[in-house]
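User: I would like to go through the side-chain contacts and surface features of this model with you. Could we take them one topic at a time?

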Amino acid sequence: MNNPEQYQIAFSGLKPGSHTFDFKVGKLFFDQVEDAEIRDGEVAVTVTMVKEERMMDFHFKIHGTVIVSCDRCNELMELEVNGNERLIVKYGDRYYEESEDVQIIPETSHQFDLSPFIYEYIHLLVPIRRVHPEDAEGKSQCAPEILKKLKDLSEHHAKDPRWDALNQLKQKK
């Protein structure tokens with residue numbers, strides 16, 4: 001991901017205590033990610049940073065919608081994302097990840113890039129299975145021509161004669 005400057009937190013000039021940053025994440029942000037599953041979106045991210053002497057504690061509040069492909073019909077669909085995440089950043093001798101929610105940065109650093117964490121946290125809020133919901137009548141909102149094609153393919157599925165032979169063996173027991 002190319003790191004846009006707007007997601008960099010210049011912490012070296014900030015006093016210890018709580019600081020709040022608001023970000024609007026949209027298509028430009030998601031286009032920066034190679035092979036991104038999220039195509040577009042409008043997501044508000046509020047980051048509250050508690051700066052201490054030897055560490056920073058980031059609290060992310062994420063709310064908005066993203067556009068992803070439906071797993072069934074491959075048409076774009078909108079999903080709501082809401083969640084909270086936490087990231088702790090400590091000072092050390094080099095960059096490394098101590099755990100999934102603890103990062104170590106060099107003591108000489110004066111800013112921290114939040115963009116990969118914002119993308120990861122938004123992406124984690126998207127369900128694994130993404131399918132258009134059903135309407136009030138219980139009908140799928142997927143593309144009708146794709147649903148028809150899927151139904152036709154499942155009905156015309158030729159039966160493999162080898163299964164018949166195996167089923168006969170099973171029945172003889």
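User: Where does Leu166 lie?
Analyst: This is a predicted model. In it, Leu166 belongs to helix α4, which covers residues 161-172.

User: Which residues make the nonpolar surface patch?
Analyst: Trp163, Leu166 and Leu169 make the patch, with an area of about 350 Å².

User: Let us turn to salt bridges. How many does the structure hold?
Analyst: The structure holds five salt bridges. One of them joins Lys27 to Asp31, with the closest N and O atoms 3.5 Å apart.

User: Where do Lys27 and Asp31 lie?
Analyst: Both are in helix α1, residues 27-31, and they are separated by four residues, about one turn of the helix. Lys27 is partly exposed at a relative accessible area of 44%, and Asp31 is also partly exposed, at 47%.

User: And what does Glu37 meet in a salt bridge?
Analyst: The side chain of Glu37 meets that of Arg130, with an N to O distance of 2.7 Å. Glu37 is in the loop between α1 and β3 (40-51), while Arg130 is in the loop between α2 (115-125) and α3 (144-155), so this pair ties together parts 93 residues apart in sequence.

User: Is Arg130 buried or exposed?
Analyst: Arg130 counts as buried, with 11% relative accessibility, whereas Glu37 is partly exposed at 36%.

User: Which residue does Glu107 pair with in a salt bridge?
Analyst: The partner of Glu107 is Arg54, and the N to O distance is 3.3 Å. This pair links distant parts of the chain: Glu107 sits in the loop between β7 (102-106) and β8 (111-113), and Arg54 in the loop between β3 and β4 (55-69), 53 residues apart. Glu107 is partly exposed at 49% relative accessibility, and Arg54 is partly exposed at 45%.

User: A change of topic: how many aromatic pairs does the search find?
Analyst: A search of the whole structure finds ten aromatic pairs. Among them is Phe29 with Phe30, whose ring centres are 5.5 Å apart and whose planes meet at 85°, so the pair is edge-to-face. Phe29 and Phe30 are both buried.

User: What about the rings of Phe30 and Tyr119?
Analyst: Their centres are 6.2 Å apart and their planes are at 65°, so Phe30 and Tyr119 are also an edge-to-face pair. Phe30 is in helix α1 and Tyr119 in helix α2, so the pair links distant parts of the chain, 89 residues apart. The relative accessibility of Phe30 is 1%, which counts as buried, and Tyr119 is buried at 12%.

User: Which residues do ring pairs link into a cluster?
Analyst: The cluster contains Tyr7, Phe23, Phe29, Phe30 and Tyr119, linked by ring pairs.

User: What sits over the ring of Tyr96?
Analyst: The charged end of Arg94 sits there, 4.4 Å from the centre of the Tyr96 ring.

User: Is Gln8 buried or exposed?
Analyst: Gln8 is buried, because its relative accessible area is 18% and the buried class is under 20%.

Notes
Residues numbered from 1 in each chain as written. Predicted model: local features only at pLDDT ≥ 70, side-chain atom pairs only at ≥ 80, totals over all residues. Heavy atoms only, no water. Salt bridge = Lys/Arg side-chain N within 4 Å of Asp/Glu carboxyl O. Helix = DSSP H or I, 4+ residues; strand = E, 2+ residues; numbered from the N terminus. Buried < 20%, exposed > 50% of the residue type's maximum accessible area, 1.4 Å probe, protein only. Patch = residues over 30% accessible without salt bridge, like charges linked within 9 Å, V, L, I, M, F, W, Y side chains within 5 Å. Areas by Shrake-Rupley, 256 points an atom, 1.4 Å probe, with all protein chains shown as cover. Phe/Tyr/Trp six-rings, centres within 6.5 Å; stacked < 30°, edge-to-face > 60°. Lys NZ or Arg CZ within 6 Å of the ring centre and 35° of its normal.
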